[in-house]
Amino acid sequence: MNIDKFRNLRYRLMENRSWPIKYMFKFISPNRDGKVDKIKALLPENGIMTFKHTSNLKHVSITCIALMDSADQIIEITEKVDKIEGVIVL
């Protein structure tokens, strides 16, 4: 049985009546094996990205603010990033 892991997010996004909206994606990723580059490749090209490393450089916080056209578009990106091992979706 496949449970929609992002059901609450989808519900909150669907409450919004005026699209497009600025949306903030936020992830924490291990800083190894090209994971940060994999995440960057999945995020919208029009987004403004910022990165913050932990003091020991083992993890990176990735924030991307982008204009998104629909809830489905946001969920699709979030689900793809969530499949990358070790990444935390915030």
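Select Arg10 to begin: this residue is partly exposed, with a relative accessible area of 24%, where buried means under 20% relative accessible area, exposed means over 50%, and partly exposed lies in between, judged with a 1.4 Å probe and the protein chains only. Bear in mind from the start that the model is predicted, that local features need pLDDT of at least 70 and side-chain atom pairs count only at pLDDT 80 or more, while totals for chains, interfaces and linings use all residues. Residues are numbered from 1 along each chain as its sequence is written, and side-chain values use heavy atoms, with hydrogens and water left out.

**Salt bridges**

Asp72 lies in helix H3 and Arg10 in helix H1, so the pair ties together parts that are 62 residues apart in sequence. A salt bridge here is a side-chain nitrogen of Lys or Arg within 4 Å of a carboxyl oxygen of Asp or Glu, and helices (H or I, at least four residues) and strands (E, at least two) are DSSP runs, numbered from the N terminus.

The structure holds six salt bridges, and another one to select is that of Lys5 with Asp82, whose closest N and O atoms are 2.9 Å apart. Lys5 lies in the segment before H1 and Asp82 in helix H3 (residues 71-82), so this pair ties together parts that are 77 residues apart in sequence. Lys5 counts as exposed at 60% relative accessibility, whereas Asp82, at 21%, counts as partly exposed.

**The sheet**

Next, colour the strands, and you will find that four of them form an open sheet in the order S2-S3-S1-S4, with antiparallel pairing; two strands pair if DSSP finds at least two bridges between them. S2 and strand S4 (88-89) stand at the edges, each with a single partner strand, so one side of each is left without a neighbour in the sheet.

Zoom in on S2 and S3, which run antiparallel and are joined by six bridges. Within this pair of strands, Ile48 stands opposite Ile65 in S3, and the bridge partner of Met49 in S3 is Cys64. Ile65 itself sits in strand S3 (residues 59-68) and is partly exposed, with a relative accessible area of 38%.

Switch to a surface view and select Met24, Ile48 and Ile65, which make a nonpolar surface patch of about 300 Å². Such patches are made of residues with over 30% relative accessible area and no salt bridge, with like charges joined within 9 Å and nonpolar side chains (Val, Leu, Ile, Met, Phe, Trp, Tyr) within 5 Å, and accessible areas come from the Shrake-Rupley method with a 1.4 Å probe, only the protein chains shown counting as cover for residues.

**Aromatic rings**

Which residues do ring pairs link into a cluster? Select Tyr23, Phe25 and Phe27, and you have that cluster in view. Rings of Phe, Tyr and Trp (its six-membered ring) pair if their centres lie within 6.5 Å, and planes under 30 degrees apart count as stacked, over 60 as edge-to-face and the rest as tilted. The rings of Tyr23 and Phe25 have their centres 4.8 Å apart and their planes at 80°, so the pair is edge-to-face. The rings of Phe25 and Phe27 have their centres 6.3 Å apart and their planes at 20°, so that pair is stacked. Tyr23 and Phe25 are both buried, and Phe27 is buried too, with a relative accessible area of 1%.

**Loops and backbone**

Now move to the loop between helix H1 (7-14) and strand S1 (21-30), where Pro20 lies, and look at the peptide bond from Trp19 to Pro20, which is cis, with omega near 0°. In the loop between S1 and helix H2 (35-42) you will find Asp33, whose phi is near 55°, a positive value in a residue other than glycine. Asp33 also forms a salt bridge with Arg32, the closest N and O atoms being 2.9 Å apart.

Finish this stretch at Leu57, in the hairpin of S2 and S3, which has five residues between the strands and in which Leu57 takes a positive phi near 65°. Leu57 is exposed, with a relative accessible area of 52%.

**Confidence**

Last, colour the chain by pLDDT, the predictor's confidence in each residue, from 0 to 100. The chain averages a pLDDT of 92, and 97% of the residues score at least 70.
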